[in-house]
Amino acid sequence: ASATANSGGAVARMLPDDIDAIYHQMQHLGSKWADLHADAELLEESKKCVLATITLHYMNDGDSKTSGETRAFAAPEYNEHIRKMVEARRRANQAKVEFEGIKTHLNLTRTYEASRREEMKLL
């Protein structure tokens, strides 16, 4: 059987000819994870800036800092930022699961093949 990668990142049994394809699939999944992780990090790092911007808006309208911040936490813009942030982290986590899944499968395949070779020596 040859190695194939489906859309979920699962890998079937590998033959040496398929190693290059599996390597490129791992590179693709690793890059996807890195990109999605960076997107999530950017949103997470900008959370305080978004809150501060909204707070300043309310302060410019006459609210105290405490009142402006309380209103900012409830603002639709802030809640939308939080939703985007959480969704970006979910997508990054899913990409990590796909990448780690293919790595785990390859390690299990390697272990299985090594065990099989040892069994063949005993015959």
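**Helix packing and aromatic pairs**

Helix α2 passes helix α3 in a right-handed crossing (a crossing is right-handed if the near helix is turned clockwise from the far one by less than a right angle, and left-handed if anticlockwise). The contact is made by Leu51, Ile54, Thr55, Tyr58 and Met59 on the α2 side, and by Lys65, Gly68, Glu69, Arg71, Ala72 and Phe73 on the α3 side, where contact means heavy atoms within 4.5 Å. Sorted by class, this contact has six nonpolar, two polar and three charged residues (Ala, Val, Leu, Ile, Met, Phe, Trp, Tyr, Cys and Pro count as nonpolar, Asp, Glu, Lys and Arg as charged, and the others, Gly among them, as polar).

The model is a predicted one, in which local features need pLDDT of at least 70 and side-chain atom pairs count only at pLDDT 80 or more, while totals for chains, interfaces and linings use all residues. Residues are numbered from 1 along each chain as its sequence is written, and side-chain values use heavy atoms, with hydrogens and water left out.

As for the overall layout, the protein has four helices and zero strands, giving the pattern α-α-α-α along the sequence. Helices here are DSSP runs of H or I with at least four residues, strands are runs of E with at least two, and both are numbered from the N terminus. Of the 123 residues, 26% are buried (buried means under 20% relative accessible area, exposed over 50%, and partly exposed in between, with a 1.4 Å probe and protein chains only). Among contacts with a separation of 6 or more, 58% come from residues 24 or more positions apart.

Back to the helix pairs. The axes of α2 (residues 47–60) and α3 come within 8 Å and cross at roughly 125 degrees, with axes being lines fitted to C-alpha atoms over the stretch in contact and angles running from 0 to 180 degrees between N-to-C directions. The two helices are therefore oblique to each other (under 35 degrees counts as roughly parallel, over 145 as roughly antiparallel, 65 to 115 as roughly perpendicular and the rest as oblique). For α3 (residues 65–74) and α4 (residues 76–122), the axes come within 5 Å and cross at roughly 55 degrees. That makes α3 oblique to α4 as well. Here Ala72, Phe73 and Ala74 of α3 meet Pro76, Tyr78 and Asn79 of α4, a contact with five nonpolar, one polar and no charged residues.

Alanine 72 sits in α3 and counts as buried, at 0% relative accessibility. Leaving aside neighbours within four places in sequence, alanine 72 touches Leu51, Ile54, Thr55, Tyr58 and Tyr78. Its C-alpha atom is 6.1 Å from that of leucine 51, 21 residues away along the chain.

Then there are the rings: the structure holds two aromatic pairs. Rings of Phe, Tyr and Trp (its six-membered ring) pair if their centres lie within 6.5 Å, and planes under 30 degrees apart count as stacked, over 60 as edge-to-face and the rest as tilted. Tryptophan 33 and phenylalanine 99 make a tilted pair, 5.7 Å centre to centre with 35 degrees between the planes. Tryptophan 33 lies in α1 (residues 19–45) and phenylalanine 99 in α4, so this pair ties together parts that are 66 residues apart in sequence. Tryptophan 33 is partly exposed at 23% relative accessible area, whereas phenylalanine 99 is buried at 13%. Phenylalanine 73 and tyrosine 78 make an edge-to-face pair, 5.5 Å centre to centre with 85 degrees between the planes. Phenylalanine 73 is partly exposed, at 40% relative accessible area, while tyrosine 78 counts as buried, at 6% relative accessibility.
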